[in-house]
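User: I would like to learn how to read a structure like this one, feature by feature. Could you walk me through it?

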Amino acid sequence: MTGDEETRPPSPSRPDGGPKPVGLRALPRPVAVVVGGGGVLGAAQVGLGYALEQREFVPDLIVGTSVGALNGAIAAAHPGKAAPWLDHVWTHVRRREVFPLDVLSARASLFADRGLRRLIARAELPSRIEQLEVPFIAVAMDLATGAQALLDHGDLESALLASAAIPGVLPPVHREGRTLVDGGVVAFVPVRAALQAGAASVVVLSTGPQSWPPSSPIPPLRARAVVARAGLLLLHQQIERDLHEVSRQIPTVVLPTGVETWPAPWDFGQSRRLITTACLTAGRFIDELCVNGCGLYQVDDPPATSAGQGKARTAVGEAD
């Protein structure tokens with residue numbers, strides 16, 4: 001696929017008489033791809049990446065949190081051709097490879113980070129962030145202050161480990177005098193970091209049920225379920241706040257995955273389904289996208305009611 005014009009009816013003309021840009025070509029530059037957290041749900045990001053690569057879209061900046069930082073760094077190292085490699089990784093990796101138990105690390109975390117180190121080593125990444133083909137920022141959280149840590153230079157491996165260091169699950173990372181943990185605590189979808197870095201528009205690769213309001217109005221009564229629901233609500237509110245704040249200033253496109261049922265946090269066995277569904281759904285969305293100024297562009301309804309085929313809309317007022 002080479003562009004949106006072949007799949008859409010004729011679009012309105014610009015004042016100069018030329019066709020008005022549609023799809024991702026209408027986004028003002030520089031445009032950032034923002035890759036959110038989500039653990040095993042990050043497999044859906046590979047499908048979204050396929051949809052972008054099939055349309056020959058290469059961003060000017062990639063900003064990632066947690067698993068999104070790892071996926072994003074690989075995309076930044078191999079622009080336009082990262083999805084097939086990520087597809088192979090996600091469809092072959094197993095939980096014990098990513099989260100190996102380690103008695104020696106029990107004081108700081110349940111699992112060691114040697115599995116992630118092996119994955120990073122196999123990705124053929126440069127040693128430093130500045131050496132990536134596309135400018136890249138990994139987002140972590142400073143455990144001392146709670147502030148966002150925007151890692152845009154220096155050692156790449158430690159930046160990725162820090163961004164993915166789920167508190168209590170993977171060990172914190174000591175980097176440049178700071179103790180860092182998973183950036184998803186403060187920026188699950190790091191659109192504010194992209195705006196701060198100078199992006200004029202953003203394309204968001206978010207995943208998981210965190211992106212939609214939880215459907216059940218009655219909180220479950222079991223302890224684990226209560227904790228899980230509270231965490232889901234907190235993440236959803238953080239995502240909504242950040243998306244609406246940024247979309248008031250720049251066009252903010254959220255690619256849909258179309259996934260109706262999500263696997264358990266440790267289940268890597270459903271990656272193929274997530275990748276395929278996200279690729280097809282995001283592709284249709286991109287081909288129907290029409291950007292007209294600042295605003296939040298996403299599907300009308302959650303996948304549970306729209307089956308991932310809602311029309312693109314603007315949830316925040318357009319620019320004057």
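Analyst: Gladly, and let us begin with burial: a residue is buried under 20% relative accessible area, exposed over 50%, and partly exposed in between, using a 1.4 Å probe and protein chains only. Keep in mind that this is a predicted model, where local features need pLDDT of at least 70, side-chain atom pairs count only at pLDDT 80 or more, and totals for chains, interfaces and linings use all residues. Residues are numbered from 1 along each chain as its sequence is written, and side-chain values use heavy atoms, with hydrogens and water left out.

User: How many residues of α1 are buried?

Analyst: Helices (H or I, at least four residues) and strands (E, at least two) are DSSP runs, numbered from the N terminus. In α1, eleven of the twelve residues are buried, so the helix is mostly covered. Among them are Val46, Leu48, Tyr50 and Leu52, along with Gln45 and Glu53.

User: What do those buried residues of α1 pack against?

Analyst: For packing, contact means heavy atoms within 4.5 Å. The buried residues of α1 pack against β1 (31-35), α2 (67-77), α3 (83-92), β7 (201-205) and α10.

User: What span does α1 reach, and what follows just after the helix?

Analyst: The expected span of a helix is 1.5 Å times one less than its number of residues. From first C-alpha to last, α1 reaches 17 Å, close to the expected 16 Å. Just after α1, Glu56 takes a positive phi of about 55°.

User: How many salt bridges does a search of the whole structure find?

Analyst: A salt bridge is a side-chain nitrogen of Lys or Arg within 4 Å of a carboxyl oxygen of Asp or Glu. By that rule, the whole structure holds nine. One of them pairs Arg55 with Asp287, with the closest N and O atoms 3.0 Å apart. Arg55 sits in the loop between α1 (43-54) and β2 (61-65), while Asp287 belongs to helix α10 (residues 271-288), so this pair ties together parts 232 residues apart in sequence. Arg55 is buried at 9% relative accessible area, and Asp287 is buried at 13%.

User: Where do Arg117 and Glu157 lie?

Analyst: These two side chains meet in a salt bridge at 3.2 Å, N to O. Arg117 is in helix α5 (residues 114-122) and Glu157 in helix α6 (residues 156-163), which places the partners 40 residues apart. Arg117 is partly exposed at 35% relative accessibility, and Glu157 is partly exposed at 30%.

User: Is each partner in the bridge between Glu176 and Arg175 buried or exposed?

Analyst: Their side chains meet at 3.7 Å, N to O. Glu176 is exposed at 52% relative accessibility, whereas Arg175 is buried at 6%. Elsewhere, salt bridges that share partners join Asp113, Arg117 and Glu157 into one network.

User: How many disulfides are found?

Analyst: A disulfide is a covalent bond between the sulfur atoms of two cysteines. The criterion is a pair of cysteine sulfur atoms within 2.5 Å, and the search finds zero.

User: Which strands pair with β3?

Analyst: Two strands pair if DSSP finds at least two bridges between them. β2 and β3 run parallel, joined by four bridges, with Phe136 as the bridge partner of Ile62. Four bridges also join β3 to strand β4 (residues 148-151), and these two run antiparallel. They form a hairpin with five residues between them, and Gly146 in the turn has a positive phi of about 80°. Strand β6 (residues 178-182) pairs with β3 in the antiparallel sense over three bridges, where Asp182 is the bridge partner of Ala140. In strand β3 (residues 136-142), seven of the seven residues are buried.
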